[in-house]
Amino acid sequence: MNDELMLETTDLVKHFPLTRGIVFKRQVGAVQAVDGVNLQLHRGETLGVVGESGCGKTTLAKLLVGLEQPTGGSILVHGQDLSKVSGREVRRARRNIQLVMQDPYTSLNPRMTVGDIVGEPFDIHPDVVPKDKRRARVQELIELVGLNPDHINRYPHQFSGGQRQRIGIARALALNPQIILCDEPVSALDVSIQAQVINLLEELQDELGLSYIFIAHDLSVVRHIADRVAVMYLGKIVEQGTHEEIYDHPTHPYTQALLSAVPVPDPELRGHRDEIVLEGDVPSPANPPSGCRFRTRCWKAAEICATEEPALEERLASAHPSACHFAEERDVIHRVA
Amino acid sequence: MTMTTARAKSNGLPDLDLSAPLLEVSGLQVEFRTRVGNAHAVNGVSFSLEPGETLAILGESGSGKSVTAQAIMGILDTPPGYVTGGQVRYRGVDLLKLPEQQRRKFRANNIAMVFQDALSALNPVFTVGFQLAEQFRMHRGTSRAEGYKRAVELMDLVKIPAAAERVKNYPHQFSGGMRQRVMIAMSLALDPDILIADEPTTALDVTVQAQIMKLLAELQRERHMGLILITHDMGVIANVADRIAVMYAGRIVETAPVREIYAKPSHPYTKALLESVPRVDQKGHELSVIKGLPPTLTRIPDGCAFNPRCRYAQDVCRQPPPPPLYDVNGEHTSACHFWEEVRGQ
């Protein structure tokens, strides 16, 4: 890993308007799916983004690959602002950042053969590989992800879930991207298959020098694969740091609650961990609480939390950025007393 | 026990033997008859359950864990699914031999199930109050008003805030976690002594999962129910189960008390599974991988079904019959010819 910056977002915002009326549409509000996100991704690094459903993880992914246009803020890929470049340039720039999707059952076209699926990116970007070399390149890609290159003419339904996810990964690699964005890549897979795909992603990273943004709700998987971790809650990042900082020294109450809820496969720890059980559900992103968005479920909430939004910054009791007025370390995943 | 006796009499079940296990499944076999051949989903599953005990059934998709639960409940889709052998005994009475009407009555009073996907398990066109009250009307003969009153009590029991108002809501108006609470309320309505929870938290976020598992454990303790927890999550099991049965290709391959199995797994499949899950409290090394895929249920390998993926496999593993459940230490069994070697390392 070195310090070369691959991707940077500044105050990235995505609001989905809520409208009323059919002929005279007026906006009555907005779902604040992503609200001021700053991320940095370096070469060869894996950045994990964790959070519960509805926290804006997937919207963030869509913004980063250009499937949604941001309401505000900017995304710099290799220092180039994607919203400011011309049509043809956009295409070239987007090549660099590719997406692996969650559900290997719906993200592959059932009527296309594996060879067509993996080779389709070359139809859109014909200058990457000359036409006569495409088939060989597709076979090479299929082999790279650990499938049999002779299966190039098979259809997705002839493969298992884990194999399909490998096909999705091969497709993402086709254009030689430097950044791969994985949106819950293993959550649809069985445990024994999950490990295969995680190991494959790690091998590919070493081999090809890829940078990953790894979006997931499974904190154990993220700890395994990520170098740095960002924790999201209701469209904002509440805590960010290296995997040790986040997992072993969490300072934001939400991170602590989230980690304490993750079951550890070790019965010896039963009843010996610091237990935080959160009350209630995540508030609606259309009408988030004032100030700190977590305050409605937080046991530390005081008056200041409702009036003043805590900035994501290093604090006295937190060596890494934490968006809490009362940030304080608490070990919730290891054995206590 | 006295409660069970009283209730058992009111069920009109014949010849209950109160010294027999609460639930005893032996040699259960289920197959699905399909156009491409018979899929052997459950191939001789045996276990027992006592009041107050939590038995976890661990397995990946296609291991037969849900089908086992459906066969016990008597809600298997027939056709294509058929129970082709074995017994499911409740206090000594074989449920599989009961006529459907009696079975239904039994099911209402003694055994209940919580499903994974509460949204599709609840009826979208009736309020949750109606669906909760329906049970009291059908099986207890209460009036509509009384039924609603009991529904509110149940929703209070599972800690749904503002139960008196929310009883009039439809399933889609609840969040995922609240919906699962409604499911649990529904399963507890008629005070069952066995609860089967089939992946009750798989569709939920971790913080909600923690809430639901805590609730289930509390209710189980209060009511001294036997709980069968079906899951693929080894973290959840480590937190709540007393005993584990690990299933692979329709068979139980290992059973043991929960601490024992995590400390000394004695079947290669269990051992490999434990090594392949990342842990939140450790930065792992490379995850060990179980090569290959689970077998297709229409073509289960001869001998031990796990042999093509097993690093211990030898010729004997490829010969029928499949390995029996060897006794490891009285309360721990393993269906592996080489369990001593697996356990020893």
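**View 1. Chain B and how much of it is buried.** Buried residues account for 47% of chain B's 345 residues, where buried means 20 or more other C-beta atoms (placed from the backbone) within 10 Å of the residue's own. This is a predicted model, with local features needing pLDDT of at least 70 and side-chain atom pairs pLDDT 80 or more, while totals for chains, interfaces and linings use all residues. Residues are numbered from 1 along each chain as written, and chains are lettered from A and ligands numbered from 1 in the order written.

**View 2. Where chain A meets chain B.** Here 35 residues of chain A are in contact with 36 of chain B, contact being C-beta atoms, placed from the backbone, within 7 Å. On the chain A side, α6(A) gives the most, with 6 residues; helices are DSSP runs of H or I, at least four residues, numbered from the N terminus.

**View 3. The largest nonpolar core.** This core has 191 residues, and Ile213(A), Phe214(A), Val231(A), Ile237(B) and Ile244(B) have the most contacts inside it. A nonpolar core joins buried Ala, Val, Leu, Ile, Met, Phe, Trp, Tyr and Cys through C-beta atoms within 7 Å. α6(A) gives the most to this core, with 7 residues.

**View 4. Around Phe214(A).** Skipping neighbours within four places in sequence, Phe214(A) is in contact with residues including Thr46(A), Leu47(A), Cys182(A) and Val222(A).

Terms used: Contact = placed C-beta atoms within 7 Å. Helix = DSSP H or I, 4+ residues; strand = E, 2+ residues; numbered from the N terminus. Buried ≥ 20, exposed ≤ 12 C-beta atoms within 10 Å, placed from the backbone.
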